[in-house]
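User: I am new to this structure and would like to learn how to read its features one by one. Could you take me through them?

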Amino acid sequence: MPGKFCVSLTFAKDNPDKATVAFVVANAALGSEKETMVFLSTEAVRLSQAGYADDVHEPGFAPLK
């Protein structure tokens, strides 16, 4: 599947560092013109709820919201 990229994420507020890095990687894939998907499972599914990611912030990175 050339040109496609999937990031699997299982963390949210329980590990904001890993949650943030997953989105950094996904954004880099988009910047490389890859068709990109973020697969949320377990705790990360909560990130799909409105407002849940508003206070997820790892120092040194942009907030997830």
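User: Is E43 buried, partly exposed or exposed?

Analyst: A word first on the source: this is a predicted model. Burial is read from relative accessible area, where under 20% is buried and over 50% is exposed. E43 has 24% relative accessibility, so E43 counts as partly exposed.

User: Which side chain does E43 meet in a salt bridge?

Analyst: To read a salt bridge, look for a side-chain nitrogen of Lys or Arg within 4 Å of a carboxyl oxygen of Asp or Glu. The side chain of E43 meets that of R46, with 3.1 Å from N to O. R46 counts as partly exposed because its relative accessibility is 40%.

User: How many salt bridges does the count come to?

Analyst: The count comes to two salt bridges. Besides the pair of R46 and E43, the side chains of K13 and D55 form a salt bridge at 3.1 Å, N to O. This pair links distant parts of the chain, 42 residues apart. K13 sits in the loop between strand 1 (4-9) and helix 1, while D55 belongs to the segment after strand 2 (35-40).

User: How accessible is D55, and how accessible is K13?

Analyst: D55 has a relative accessible area of 55%, so D55 is exposed. K13, at 38% relative accessibility, counts as partly exposed.

User: Over the face of which residue does K13 lie?

Analyst: For a charge over a ring, read the distance to the ring centre. K13 lies over the face of Y52, at 4.2 Å from the ring centre.

User: How many aromatic pairs does a search of the whole structure find?

Analyst: A pair of aromatic rings is described by the distance of the centres and the angle of the planes. Here there is nothing to describe in that way: searching the whole structure gives zero aromatic pairs.

User: What span should helix 1 have, and what separates its end C-alpha atoms?

Analyst: The expected span is 1.5 Å times one less than the number of residues. Helix 1 has 16 residues and should span 22 Å; its end C-alpha atoms are 22 Å apart, so the two agree. Just after helix 1, E33 has a positive phi of about 60°.

User: Which residues of helix 1 are buried, and what covers them?

Analyst: The buried residues in helix 1 are A19, T20, A22, A26 and A29. Their cover includes strand 1 and strand 2.

User: Where does T20 lie, and what does its side chain reach?

Analyst: T20 lies in helix 1, which covers residues 16-31. Its relative accessible area is 2%, and therefore T20 is buried. The side chain of T20 reaches the backbone oxygen of P16 at 2.7 Å. Setting aside residues up to four places away in sequence, T20 touches E58, F61 and L64.

User: Where is V56 found, and what is V56 in contact with?

Analyst: V56 is in the segment after strand 2. At 2% relative accessibility, V56 counts as buried. Apart from neighbours within four places in sequence, V56 is in contact with K13, P16, P63 and L64. Sequence separation and spatial separation are read as two values: V56 and D17 are 39 residues apart along the chain, with 9.2 Å between their C-alpha atoms.

User: How far apart are G51 and A26 in sequence and in space?

Analyst: G51 and A26 are 25 residues apart in sequence and 20 Å apart in space, C-alpha to C-alpha. G51 is placed in the segment after strand 2, and its relative accessible area of 44% makes G51 partly exposed.

Technical notes. Residues are numbered from 1 along each chain as its sequence is written. This is a predicted model: local features need pLDDT of at least 70, side-chain atom pairs count only at pLDDT 80 or more; totals for chains, interfaces and linings use all residues. Side-chain values use heavy atoms; hydrogens and water are left out. Helices (H or I, at least four residues) and strands (E, at least two) are DSSP runs, numbered from the N terminus. Buried means under 20% relative accessible area, exposed over 50%, partly exposed in between (1.4 Å probe, protein chains only). A polar contact is a pair of N or O atoms within 3.5 Å; within protein, one must be able to donate a hydrogen and the other to accept it, and residues adjacent in sequence count only if both atoms are side-chain atoms. Contact means heavy atoms within 4.5 Å. Rings of Phe, Tyr and Trp (its six-membered ring) pair if their centres lie within 6.5 Å; planes under 30 degrees apart count as stacked, over 60 as edge-to-face and the rest as tilted. A charge sits over a ring if NZ of Lys or CZ of Arg is within 6 Å of the ring centre and within 35 degrees of the ring normal.
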